[in-house]
Amino acid sequence: MSRIYPVEAYSYASRFNLREVEAWLPPDRGMRSTKTQLIVSLDGDRLAYLFDFGAIVFVNVPDAEREGIVDTFNSKLQQEPHPPLRESFLIEVRPGSAVEVRFDRVVVPDVDSTTLDVIATVVAQSVAIDYYDEDVQAILDRVGAVAGEVGRQGRPLGRTRDFVRFVGTAMASQVEIITAISLLDKPELTWENEAADRLHDKLRNNLEIQERHKALEIKLSTIRETLGTLIEFSQTRRMLFLEGSIVVLIVFEILLSLMKLN
């Protein structure tokens, strides 16, 4: 007989301070932590994984209990631009079977803490990449709109201060996203555990983590190049304005001199 463990993952824009969010969880729960995650035993084999890059993964947690914790996080995280993204997965425990990763689930012969840690980590990375991709696409759309204005009008619409603020915001968002993406590397628990390493690689291949990561990097590179071009254009335009102003002043001075001669 096989058993099914539902896995529900949520991703937020906010990074988590693990010491702070620990107080948001139900009291009197068993906890263990690493530098980047907090693992909470809600009861028996019901687990919650919290990752500092802003993701929560629930394993085998009933809907009501899970939604209660998510509601708490939603109320505490005041700066979220929209509700968290959500991704579902399944763990099928089938005694005697080989490890197999399918479209919507992973089949394992049994479960232990290492197996669950690996699965939770990769699913958290998957839902986090979805969130980062959404953010990057929004920035790319805004940068494209500004570039379109420059192409049509010869300059960005609005005041120079607004343009500078837009560039600064876009660059700050890039830095934050790049920092968060750097946390999606292979976890330490796979370094000395061959079975965990194989499971980790199978899951990442199935969920296309590497391909989606590369797609994000391409978008970020496009944003960087476009912003650089816009900044150069803005500086060139400003220099032309200053040079034109100097020419006008020189002409004006010459005209005044001629008027005095007459």
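Mentor: Asn60 is buried, with a relative accessible area of 18%; buried means under 20% relative accessible area, exposed over 50%, and partly exposed in between (1.4 Å probe, protein chains only). The model is predicted, so local features need pLDDT of at least 70 and side-chain atom pairs count only at pLDDT 80 or more, while totals for chains, interfaces and linings use all residues. Residues are numbered from 1 along each chain as its sequence is written, and side-chain values use heavy atoms, with hydrogens and water left out.

Asn60 sits in the loop between β5 (55-59) and α2 (63-76); helices (H or I, at least four residues) and strands (E, at least two) are DSSP runs, numbered from the N terminus. Beyond its neighbours within four places in sequence, Asn60 is in contact (heavy atoms within 4.5 Å) with Ile4, Tyr5, Pro6, Asp45 and Arg46. With one of these, Asp45, the Asn60 side chain makes a polar contact to the side chain at 3.1 Å. A polar contact is a pair of N or O atoms within 3.5 Å; within protein, one must be able to donate a hydrogen and the other to accept it, and residues adjacent in sequence count only if both atoms are side-chain atoms.

Arg46, another contact of Asn60, is partly exposed at 22% relative accessibility. Its side chain forms a salt bridge with that of Glu65 (3.1 Å, N to O). Glu65 lies in helix α2 and Arg46 in strand β4 (residues 46-51), so this pair ties together parts that are 19 residues apart in sequence. A salt bridge here is a side-chain nitrogen of Lys or Arg within 4 Å of a carboxyl oxygen of Asp or Glu, and by this rule the count comes to 11. Side chains of opposite charge can pair when their charged atoms come close.

Arg102 pairs with Glu100, the closest N and O atoms being 3.2 Å apart. Arg102 is partly exposed at 31% relative accessibility, and Glu100 is partly exposed at 34%. Asp104 and Arg105 meet through their side chains at 3.3 Å, N to O. Here Asp104 is partly exposed, with a relative accessible area of 33%, whereas Arg105 counts as buried at 19%. Salt bridges that share partners join Asp104 and Arg105 with Glu92 and Arg94 into one network.
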